[in-house]
Amino acid sequence: MKILAIETSCDETSAAILTEKDGRPVLLSNVVSSQIDLHKEYGGVVPEVAARAHIESIIPVIKKALNESGPKKQLYKKNAYAQKLYQQSLNEIDYIAVTYGPGLVGSLVVGVETAKALGLALNKPIIPINHLEGHIYANLVSNVKCHLPAGKVGMSNVKCAEPKFPIATLLVSGGHTMLIYMKNHLDYKIIGETRDDAAGEAFDKGARVLGLGYPGGPAIAKAAEEGDASKHNFPIIDLTEPPKRGADGFLKYPKPSLDFSFSGLKTALISTVKNHGPLTKKDKADLAVSFQKAIVDTLVQNSLRAVEEYKPKTFILSGGVAANKMLRETLESAIKKSSPDTCYLIPDTNLCTDNAGMIAAAAYYRIKKARSSELKAQSQFAAEPNLKF
Ligand code: KG4
Ligand code: ZN
């Protein structure tokens, strides 16, 4: 089985080829063309610029992904040979997967229409995929590093076996922050989510306040390397309701909240900067590391609560913010300490931020679950910028 996946929901044009080996999904190629340099001067993604860039990149990116998936991928640059390889790989495709939401409408449309055109030309089924589902399934391609429970063989660099359910996942991206519980594949229950900003959005806004540029997450993480986290004390928000006195006169303590809020943290950073005067490079580093620590501690606090309440066998970290080193390491050691039997999974950083490999992985599990009558060449779907989970 071979899946060609396309992802164009925001500012990365990406295509990937996935196959099945020993009953597990394996990526053969995962090509990402980033638009960061195009949006940098505006301090954020400009939707119109993003859509145009996707149109220019989508075909070369698909061709490259097809060529790189072939057996002689080192030769793909030689034109005539590349053309041959690419056609050969295209003929081997069984399914086309594409992100159809959520995201920027102009960006999504480019991927969706390309997938439909290819599906029609090749007469192959198209699998529309929710971008958020893709982030979760980035953890389930067998290239992913598996951090086994303490006491079992090896802590990292271990190729993962099929994960054990139930799974709990912290999904942290530029637009979403959620805790999700999965009893089985493709079966989701949202158990916590942000009431205002997403974690990635907090990083991006924080970086803007500190004048660190775009994209904010990597910029804050880099500045933070030189910082001293004890210089500032930013709040860790806990949305748990205060105790209430019951009819029997005793205080009743509500369940610890699994929801998030980051807008107060952003305000705390803005007022600290306002009261500070001109910022040196060292001042920015101290603020960046304390700000990053507050976001990470909030995410870890609620993740541990979810583990405590739902007792998952596997905990998955996913989304662009999962590329953050402090988050990856702090969460791993917290889960190992509080729940040593829980398997902790995080993808390599290139599978955390937007890429088509994760869309291919989600499509693989959708194909496995679907009845063949459901997998027909279809064009009865459209880009859905506000697609819900
Ligand atoms: O998943 P993603 O690539 O796109 C969305 O679906 O939104 O996530 C992008 C978000 C951005 O907010 C970016 O600042 C953040 O992920 N991000 C990071 C890091 N790399 C990307 N945040 C913190 N540390 C990082 N290393
Ligand atoms: Zn994303």
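Contact here means heavy atoms within 4.5 Å. The structure is a predicted model. By that criterion, and leaving aside neighbours within four places in sequence, Ala223 is in contact with Leu212, Ala285 and Ala288. Ala223 sits in helix α7, which covers residues 216–224. Its relative accessible area is 17%, so Ala223 is buried, the cut-off being under 20%. Leu171 lies 52 residues from Ala223 in sequence. In space, the two C-alpha atoms are 24 Å apart.

Thr114 counts as buried, at 13% relative accessibility. Beyond its neighbours within four places in sequence, Thr114 is in contact with Ile6, Ile58, Ile59 and Ile62.

The zinc ion (ligand 2) is coordinated by three residues of the chain: His131 and His135, each through NE2, and Asp354 through OD. The distances run from 2.0 to 2.1 Å. Along the chain, the donors follow the spacing H-x3-H-x218-D. His131 and Asp354 link distant parts of the chain, 223 residues apart. His131 is in helix α5 (residues 131–137). Asp354 is in the loop between α11 (349–352) and α12 (356–369). Both of these residues lie under the 20% limit for burial. His131 has a relative accessibility of 7% and therefore counts as buried. Asp354 is buried as well, with a relative accessible area of 17%.

Helix packing was examined for α6 (residues 199–209) and α9 (residues 281–310). Their axes come within 11 Å and cross at roughly 170°. This angle is over 145 degrees, so α6 is roughly antiparallel to α9. On the α6 side, the contact is made by Ala199, Ala202, Phe203 and Gly206. Helix α9 supplies Phe291, Gln292, Ile295 and Leu299. Six of the contact residues are nonpolar and two are polar. None is charged.

Cysteines were then checked for pairing. A disulfide is a covalent bond between the sulfur atoms of two cysteines. The criterion is a pair of cysteine sulfur atoms within 2.5 Å. The count comes to zero disulfides. For Cys10, the closest cysteine sulfur is that of Cys352. The two sulfurs are 16 Å apart, so they are too far from each other for a bond. Cys10 is partly exposed, with a relative accessible area of 24%. Cys343 is buried, at 13%.

Backbone geometry was the last point considered. Most residues other than glycine have a negative phi, and most peptide bonds are trans. Two cis peptide bonds are described here. The bond from Phe165 to Pro166 is cis, with omega near 0°. Pro166 is in the loop between β7 (158–159) and β8 (167–172). The bond from Tyr214 to Pro215 is also cis, with omega near -5°. Pro215 lies in the loop between α6 and α7.

Positive phi values occur at Leu186 and at Lys311. Phi of Leu186 is near 60°. Leu186 is in the loop between β9 (177–184) and β10 (187–193). Its relative accessible area is 11%, so Leu186 is buried. Phi of Lys311 is near 45°. Lys311 is in the loop between α9 and β13 (314–318). At 57% relative accessibility, Lys311 counts as exposed.

Terms used. Residues numbered from 1 in each chain as written. Chains lettered and ligands numbered in written order. Predicted model: local features only at pLDDT ≥ 70, side-chain atom pairs only at ≥ 80, totals over all residues. Heavy atoms only, no water. Donors = N, O, S within 2.8 Å, 3.2 Å for Na, K, Ca; no water. Helix = DSSP H or I, 4+ residues; strand = E, 2+ residues; numbered from the N terminus. Buried < 20%, exposed > 50% of the residue type's maximum accessible area, 1.4 Å probe, protein only. Axes fitted to C-alpha atoms, helices over the stretch in contact; angles between N-to-C directions. Parallel < 35°, antiparallel > 145°, perpendicular 65-115°, else oblique. Nonpolar A, V, L, I, M, F, W, Y, C, P; charged D, E, K, R; others polar.
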